[in-house]
Amino acid sequence: MGVKHELELPANLEPMTRHPKVPGPGEPMRVHHSMCFGCGLDAPVGLRLNVTAGEDFCVTATMPVVDWMQGGPGVIHGGILSAAFDEVMGNASILIGVPVVTVNLEIDYAKPIPLGSTLRFTAEVLGKSGRKVYVRSQAYLDGFEAPVAAAYGIFVEINLRKHFEGYKEGAVKAPQG
Ligand SMILES: CCCCCCCCCCCCCCCC(=O)SCCNC(=O)CCNC(=O)[C@H](O)C(C)(C)COP(=O)(O)OP(=O)(O)OC[C@H]1O[C@@H](n2cnc3c(N)ncnc32)[C@H](O)[C@@H]1OP(=O)(O)O
């Protein structure tokens, strides 16, 4: 069946501006947390996604599909792909300069994705309405014609300090030295 679904966007989308301090097109997005499962370089197990800023409200990313990501024999686990979409779309939201967390994630899985392949992602912020940020992402194996999977996410703006208050004591710290 392939990628079939569209996110219903509200009518009252607000104009967005790209934050002046985010990386320019072609530059790497900054790791938001070194122990993050999605992008952190110190995380003991993680996707270590490399996300690159694009034009306007777009990012791209690549992810090698390695053996520990296996779900069915020889192919990626759907939850791993979902986590990758979450991370890539969260990074796209950074371009409009608001700290967000995911509240809703929808995925279309169109083709099995073999271990040993490299996934390429595109993601773009479609709009903002109040605290809600609407994002879409697609994943490709060869070229950019037919996506092998696609995702829509709704992210909600948070007050970073307040949101994580009470959880930081339990945070896993990066190894020293
Ligand atoms: C790792 C994190 C680092 C963060 C640093 C920032 C760096 C930038 C990102 C980098 C990349 C990260 C990528 C991974 C990101 C995750 O994976 S985050 C982890 C998973 N997500 C969570 O843990 C979020 C858990 N949820 C919550 O804490 C609370 O629901 C929230 C998000 C604080 C919202 O609660 P609230 O402040 O009480 O607000 P509430 O009125 O309930 O909702 C606000 C609006 O959202 C709407 N909404 C709420 N839930 C839903 C829903 N499920 N569906 C649709 N709409 C909804 C409400 O209807 C409301 O709409 P309006 O009435 O304003 O029109």
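Helices (H or I, at least four residues) and strands (E, at least two) are DSSP runs, numbered from the N terminus, and a residue counts as near a molecule or strand if its C-beta atom, placed from the backbone, lies within 6 Å of it.

Residues are numbered from 1 along each chain as its sequence is written. The model is predicted, with local features needing pLDDT of at least 70, side-chain atom pairs counting only at pLDDT 80 or more, and totals for chains, interfaces and linings using all residues.

**Confidence.** Colour the protein by pLDDT, the predictor's confidence in each residue from 0 to 100; the mean is 94, and 99% of the residues reach 70 or more. The model scores ipTM 0.96 and pTM 0.96.

**The ligand shell.** Select the ligand and the 21 residues around it, of which Gly-90, Val-101, Val-103, Asn-104 and Val-156 come nearest. H1 supplies the largest share of this shell, six residues, while H1, strand E3 (100-109) and strand E6 (149-157) each supply at least two. By type the shell divides into nine nonpolar, eight polar and four charged residues, where Ala, Val, Leu, Ile, Met, Phe, Trp, Tyr, Cys and Pro count as nonpolar, Asp, Glu, Lys and Arg as charged, and the others, Gly among them, as polar.

**The nonpolar core.** Next, select Leu-49, Val-59, Ala-84, Val-88, Ala-92 and Val-135, which touch the most other members of the largest nonpolar core, a set of 38 residues. Such a core consists of buried Ala, Val, Leu, Ile, Met, Phe, Trp, Tyr and Cys residues joined through C-beta atoms within 7 Å. H1 gives the most to this core, with seven residues. Centre on Leu-49: leaving aside residues up to four places away in sequence, Leu-49 touches Gly-38, Cys-39, Ala-61, Met-63, Ala-84, Glu-87 and Val-88, contact being C-beta atoms, placed from the backbone, within 7 Å.

**Thr-60.** Move to Thr-60, in strand E2. Thr-60 is buried because 21 other C-beta atoms lie within 10 Å, the classes being buried at 20 or more such atoms, exposed at 12 or fewer, and partly exposed in between. Not counting residues up to four places away in sequence, Thr-60 touches Thr-52, Gly-54, Arg-120, Phe-121 and Thr-122. The C-alpha atoms of Thr-60 and Phe-155, which are 95 residues apart along the chain, are separated by 18 Å.

Notes. Two residues are in contact if their C-beta atoms, placed from the backbone, lie within 7 Å.
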